[in-house]
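Q: Could you take me through the spot where the ligand sits, up close? I'd like to know what is around it and what touches it.

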Amino acid sequence: MTDPKIIVALDVSSTEAALAMAARLSPADCRLKVGKELFVSEGPGLVSALHDRGFGVFLDLKFHDIPNTVAQACSAAARLGVWMVNVHALGGRRMLEAAREAVDRSASRPKLIAVTVLTSLAAADLAEIGLHDSTPGDAAVRLAGLAQGAGLDGVVCSAQEAAAMRQRFGAGFQLVTPGIRPADASADDQARIMTPRAAIDAGSSYLVIGRPITQAADPGAALARIAAEIA
Ligand code: C5P
């Protein structure tokens, strides 16, 4: 069984558009990320349709609620058969542990990862919500430690943080990194980018890549090029 390192972000709103993109990609080279827009629009049936086509799915719904509610949501995601699901580390230790216990009880256990600090938040935003003590980077490391302590499999982080996270949290901790751009690609609205090869070298476990693949004239060829670059 291959373990492709690329996760293609399916940032579309319809089943038709999602399946059209999937048809141009190979499940041997990538998994697919289904986020809030697509899941709220099309629901579990779309996830099943992607599974039927051989793709592993990262259900990127970033659960954040009381422990019991998040645990039930994680159990439901596990029943759907997704490969990866995520929660907000800011939900706290008991929520993280409840989520991890829920996936541990499931017949096919998804990887469970945490979002630490949203990259949209600057230090001033953190202060406004009461996190006065840290920079976004320090808060991300602290929350990643909380996630690891609760038994989660890893975190979403910037590739720029991957080397430090890898050193601190060890080889088994999964680092899922967006903000990836091949050397010849447009940065779009991403501020801090890294090439696929550099991100893997820095310690990324999986690369989340959207527009450099989905907006390419030939998405399958763009995916294959990046897969070859990191092979
Ligand atoms: O098109 P692009 O490669 O920028 O898409 C990146 C994907 O990763 C999008 O789905 C985006 O929402 C997600 N993401 C991100 N930065 C984060 C967390 C998630 O770009 N910090």
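A: Sorted by class, the shell around the ligand holds five nonpolar, three polar and four charged residues (Ala, Val, Leu, Ile, Met, Phe, Trp, Tyr, Cys and Pro count as nonpolar, Asp, Glu, Lys and Arg as charged, and the others, Gly among them, as polar). Keep in mind that this is a predicted model, where local features need pLDDT of at least 70, side-chain atom pairs count only at pLDDT 80 or more, and totals for chains, interfaces and linings use all residues. Residues are numbered from 1 along each chain as its sequence is written, and side-chain values use heavy atoms, with hydrogens and water left out.

So who's there? Around the ligand you'll find A9, D11, K33, T119, P178, R181, Q190, V208, I209, G210, R211 and P212, counting a residue if one of its heavy atoms lies within 4 Å. Now the polar contacts (N or O pairs within 3.5 Å). The side chain of D11 puts an N or O atom 2.8 Å from a ligand oxygen. On its own the ligand has 470 Å² of accessible area, and the protein covers 78% of that (Shrake-Rupley method, 1.4 Å probe).

Two elements each give two or more residues to this shell: β8 (206–209) and α10 (211–214). These labels come from DSSP runs, numbered from the N terminus, with helices (H or I) of at least four residues and strands (E) of at least two. The whole chain has 11 helices and eight strands.

Methods: Polar contact = N/O pair within 3.5 Å; in protein donor to acceptor, adjacent residues only side chain to side chain.
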